[in-house]
Amino acid sequence: MKSSCLGRLLLFGLLACCAPAQAQPIPPGFNPFLLPPLPPDAPKPSPDPRNLEGAWYHQDMMEVFLTKTMHGDPVPMNDKAKALLRERAVADKSGHPLANAAVRCRPPGPIWQRDINFPFAVLQIPDEIDFLFEEFHGVWKIRMNQPHRPSGRREYMGDSVGHWEGDTLVVDTTNFKDVFWVNSDLTGAPLSRDAHLVDRIRKIDDDGPALSVVTTIDDPAYFTSQWSISRKFIWRPDRAIFAEYDCEDDVGRPDGVSRYGFSDAPGPGEN
Amino acid sequence: MRGNPGLCLGVALLLSVCAGAGVAQPVNDRTALDGVWKIAQPRVSLPLENEAPIPFTPVGREQYERNKAAALRGDYGFDPTLSRCSSPGMPRIMLSDRPFKIFVRANVVSMMFEWNRLLRQVNMGASPSERVWGTVMGDAWGRWEGDTLVIDSRNFKPERLLDDLIPSSEQLRLVEHLRLADADTLDDRITITDPDMFTRSWDAVVTYKRQPKQAFAEDVCLDRKAAGQAPWPGRLARP
């Protein structure tokens, strides 16, 4: 059975079903993720720049083909990354795309998790900041002012430790459990288990309250140099109550992802 | 079959719009519920108050007996949590033997479970409403009655389980009263109403103990299942 838009929609979310090989060009200026303006009496975020609590949403069109850094340079992939990307593209074109973590109902890594156009909530206590996502039961835990755990304990979302530099939350993440994909695309750029990410997160005012997140990726396994991406997430208190997401109800069945036409991707550490 | 971009964009557009045990002490700060909690006595079945019998309707009794017989045969196809890691839903998630965190905020009370990273949210800023399609966790609306958090949950998916065996329907409605018995003890009195399955409402009371602050491990139920571990705490067949 070949992959279908519906299958991708069910497993992935919206953008994935508009995936590369199949998609018609999206009309310029069209953004299906644009939300209506908030009413004037909508709750406001805390005025404390170090309080990130509340619901946020990625409204910008997602970069399905992530080919440029935030500075407009080509993503500095090495030959291994290019070969892997080619393998993923061939599989996708064949109608049996490889099943990445998200398709297999596993945590897809912090970048993908933030990039998809679904809301997330931030909850803060003194020693920990949690980003809770509507999709994939996503939880990005940031332990504040602590060292990394020993590398023997790895998680899909990595091990994240944070500290404040002025009003910027700086988060250092490494020790991933699995090879994962940077961008939400069936032919996504790879990141290795030992990738090192640094996120710089701060509140900004950009026609309304927003979070700016600049992520610097350091992964010699796949890239010849460090590179960065920049994202903005708008304040959306009206999206604070999430829709239910229960991908296990489908993927946990004996025929798993194959019923949607996906091939099983290599397991942890095999890439 | 190739993806249909037009359909995708249409769907996208549609969706885009669309604390001294036993002695009750007064606790005046609502955020006192904040923290890490864990069930005091792990169990797979709902603790019925006074061990009262479950007031099944004939339909409810039949489904319950069918589930019990299947469990005794080791056939757990009737249980989407045990067979495929699907969400346990409500109120079963409240029986998890793993810790959960409560965050009390003005508009949303969040319960973040370690089990499969599940999140339960209680809407504190709106009135209950009906919708066409129910969910496993249902929709939850909360209000404060003094220091007691009252949660009204409805809009459930049919044919799910209240615990390891007890069936439920889309008529299910839950009303919970969460209250600190003392600074480190939290009681959740759950009133269960489901006219398809039960002849009257009945209560179960689950007690939790406060745990030290901790960052949860990343629990992935499907990985545990693949490794041959139980997706959900082991069951004991009910007599």
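Start in chain B: select strand 10 (residues 185-193) and strand 11, which run antiparallel and are joined by 8 bridges. Helices (H or I, at least four residues) and strands (E, at least two) are DSSP runs, numbered from the N terminus, and two strands pair if DSSP finds at least two bridges between them. Before you go on, note that this is a predicted model, where local features need pLDDT of at least 70, side-chain atom pairs count only at pLDDT 80 or more, and totals for chains, interfaces and linings use all residues. Residues are numbered from 1 along each chain as its sequence is written, chains are lettered from A in the order in which they are written, and side-chain values use heavy atoms, leaving out hydrogens and water.

Now click I192(B): across from it, in strand 11 of chain B, stands W202(B).

Hop over to chain A and select E155(A), in the loop between strand 5 (139-144) and strand 6 (159-165). Is E155(A) buried or exposed? E155(A) is buried (under 20% relative accessible area, with a 1.4 Å probe and protein chains only), at a value of 4%.

Show what E155(A) touches (heavy atoms within 4.5 Å): the list includes K141(A), R149(A), F216(B) and A217(B). F176(A) is another contact; its C-alpha is 5.3 Å from that of E155(A), though they are 21 residues apart in sequence. Last stop: the side chain of E155(A) reaches the backbone nitrogen of E218(B) at 2.8 Å.

Terms used. Buried means under 20% relative accessible area, exposed over 50%, partly exposed in between (1.4 Å probe, protein chains only). A polar contact is a pair of N or O atoms within 3.5 Å; within protein, one must be able to donate a hydrogen and the other to accept it, and residues adjacent in sequence count only if both atoms are side-chain atoms. Lists of a residue's contacts leave out its neighbours within four places in sequence.
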